[in-house]
Amino acid sequence: MEFLQKNLIYFIPLLGLIGIMVMAIKSAWVNKQDAGDAKMQELAGYIADGAMAFLKAEWKVLSIFVVFTAALLAYSGNIHEINGLALHSSWIIAVAFIIGAVFSATAGYIGMKAATKANVRTTQAARTSLSKALKVSFTGGTVMGLGVAGLAILGLGGLFIVFLQVFNVVSANSTEMKTAIEVLTGFSLGAESIALFARVGGGIYTKAADVGADLVGKVEAGIPEDDVRNPATIADNVGDNVGDVAGMGADLFGSYVATILATMVLGQEIVVDQLNGIPLDNLNGFSPVLLPMVICGLGILFSIVGTWFVRIKGEDSNVQNALNLGNWSSIILTAIACYFIVMFMLPPHLHLRGVSFTKLDVYYAILVGLVVGTLMSMITEYYTAMGKGPVKSIIQQSGTGHATNIIAGLSVGMKSTVAPILVLAGGIIFSYAFAGLYGVAIAAAGMMATTAMQLAIDAFGPIADNAGGIAEMSQLPPEVRERTDNLDAVGNTTAATGKGFAIASAALTSLALFAAFVGVAGIDAIDIYKAPVLAALFVGAMIPFIFSALCIAAVGKAAMEMVQEVRRQFREIPGIMEYKAKPEYEKCVAISTKASIREMMLPGAIALLAPIIVGFGFKGVFPSVSSAEMLGGLLAGVTVSGVLMGIFQSNAGGAWDNAKKSFEKGVEINGEMFYKKSEPHKASVTGDTVGDPFKDTSGPSMNILIKLMSIVSLVIAPYIAISGMPKIKAQQEVIKEVRVMKTIDGNGLEHIDTLKNLLDTIPVKP
């Protein structure tokens, strides 16, 4: 036990390495599976090449951003004092930023590489059985899940150990520890920055291709989805990888890191009870800082165990139930293990910002986080799954045309915000009641502990979608497409639940980051009665709307280019419709690549620059209100608005998509059966086209937006802290009125004596 206490910190990166090793084993297994015939491999090669072309183009642009930002961070890290306030940073924050950016990009690359290998192998497996197809596609998703979680724990744990040595940290509450944590925020900033561009850029790419392919292929030409004759079909399948796989991988990598970091920042402030000068946690007071990393590291192991339960037996088996069993297994194991981890690591009592709590209270907060994550997934599944009431309502209203389908989808999306927000509110209240702000942060860490499993379930969907596309383009027997469609339909639901999970974690993480920002910035309260703070609150609430508008407009612009190109090829290349000529797939891939890189810049700039503009631009402008308070108002507005927008858009898009897919097996509307190519089906295609940028571009970007703005604010907080503001005057000297005394001496002469001037200092409230 003593050995474990002394070396616990070194086990954290080891857990990350275990995740990466298992990932490598599973990746090798996927690569060994049969990749099908030459035509299937040729099509899969187009998809893989297109995905790599996008990533290379994206990385070229982002590398410039990373170098420029790292230079700014290195410069700011060398500033050690502002207005008499000591700053706890170092130029090494630039190194942490670069490592975070590289790890985030690597996480997306690992997922994309695994998906482009697994898709064609899933198609080939589907020629055998549904069970085999599920095994291959889910294992491909597991590669990404373990890669993301393993890299995050390895990066955070390894850097933390290095920084403890570099800055000679001996105490958890020391200034050296503040420096180590401040520098570590650079890792999270790098991860979230890349995640935002990867998610937005990938989302624009995939939906531009998808919308263009659907509008011309399915609606105008009347050919099936993923038909090999459609010039945009390769770009569409590439988009599934760069958006739903690489984008989601970078997204949850950033969420994972930000959640752990926020808990560490608050943990560093916790005062641990001592006996004879020795902290009672037997970890020199470091236990609240290490706890989130240990929980998430062990969560990797429980996620690995959970993957063992994802099995089905026959063609009629329920794929969703198999995935749920694996998810539930990992969650239950995490809940049990956390009790023993908390009891072992934490001291009996802890104190943070005037709130005292016990280690059992911390465990209860973790349970709250696990419950919130589970409920969010269940609620999202209800609103987006086939056969459920909300999707059925969209189907029914498709019977009266395109407009009523749109109305129904918007209604479902708006209604779907109620239950998740109530669950989130309850989670915040209960976790705070148990362990204060640390309880909210550790609840988010508990929720994120099974990220590897959540990502495996999420990434399985795009792999199945690609597998169906390859089956269609290769003109394989109908039963193959039926099996891949079965997986794809479940994948739509798991993708939606994954986005709900990401939004929930972002809400709790942002609150924890917000609390950390308040502490570093020296704010006692954010008073909305102050006009500048209220103005900043409104501006913050507006940002998710303009961000979403830019993302959706970008998809629209790129889709128009795609539609025109597909129409041109149908018109100018004779023999496409008769399978006598091959479309120019590469031109559609190039359109999506260029459009996504071009259009992702402005939304990304808003997220990065808004906190900087408010924090530094309004510093000292209002004598009674600090820019830190205004920035706090901005963060509050963007968090609340962003969470609502994210839930609304993701759920509306998911419901629209599954309403469309329901027509493949036939649906009953007012006693009459309708199938594909019917008028109600065409209305559902329109709804799905509207919902595509909702669920895959702007909606899932909301959670990165609110976390990235919070992290940027946390990084600049020391430079705009209230205690560093120049006071109007801490003290003001006032000269008293001069007293004069008149006297007459013995000779009758008059004398006037002026007393010495008296100086008093009177405190004046700044």
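Predicted model: local features only at pLDDT ≥ 70, side-chain atom pairs only at ≥ 80, totals over all residues.
Reader: Where do I start if I want to find empty space inside a protein?

Author: Rolling a probe the size of a water molecule over the atoms shows where empty space is left. In this model, the count comes to seven cavities of 30 Å³ or more.

Reader: What volume does the largest cavity have?

Author: The largest cavity has about 300 Å³. There are 27 residues lining the largest cavity, and Asp244, Asp465, Asn492, Asp657 and Lys695 are the closest to its centre.

Reader: Which helix gives the largest share of that lining?

Author: That is α14, with six residues. At least two lining residues each come from α5 (175–221), α6 (233–269), α13 (451–473), α14 (478–521), α18 (627–662) and α19 (679–720).

Reader: How many of the residues lining the largest cavity are nonpolar, polar or charged?

Author: Sorted by class, the lining of the largest cavity holds 18 charged, six polar and three nonpolar residues.

Reader: And what about the second largest cavity?

Author: The second largest cavity holds about 80 Å³ of space. Its lining is made of 15 residues, and those nearest the centre are Leu55, Glu58, Trp59, Ala198 and Ala246. Two or more lining residues come from each of α2 (38–77), α3 (92–126), α5 and α6. The largest share, five residues, belongs to α2.

Reader: Which classes of residue line the second largest cavity?

Author: Here you will find eleven nonpolar, three polar and one charged residues.

Definitions and conventions. Residues numbered from 1 in each chain as written. Heavy atoms only, no water. 1 Å grid on protein atoms, 1.4 Å probe; cavity = no way out; pocket = protein on both sides within 12 Å on 5 of 7 lines; lining within 4 Å. Points joined across faces, edges and corners; volume = space filled by probe spheres on them. Helix = DSSP H or I, 4+ residues; strand = E, 2+ residues; numbered from the N terminus. Nonpolar A, V, L, I, M, F, W, Y, C, P; charged D, E, K, R; others polar.
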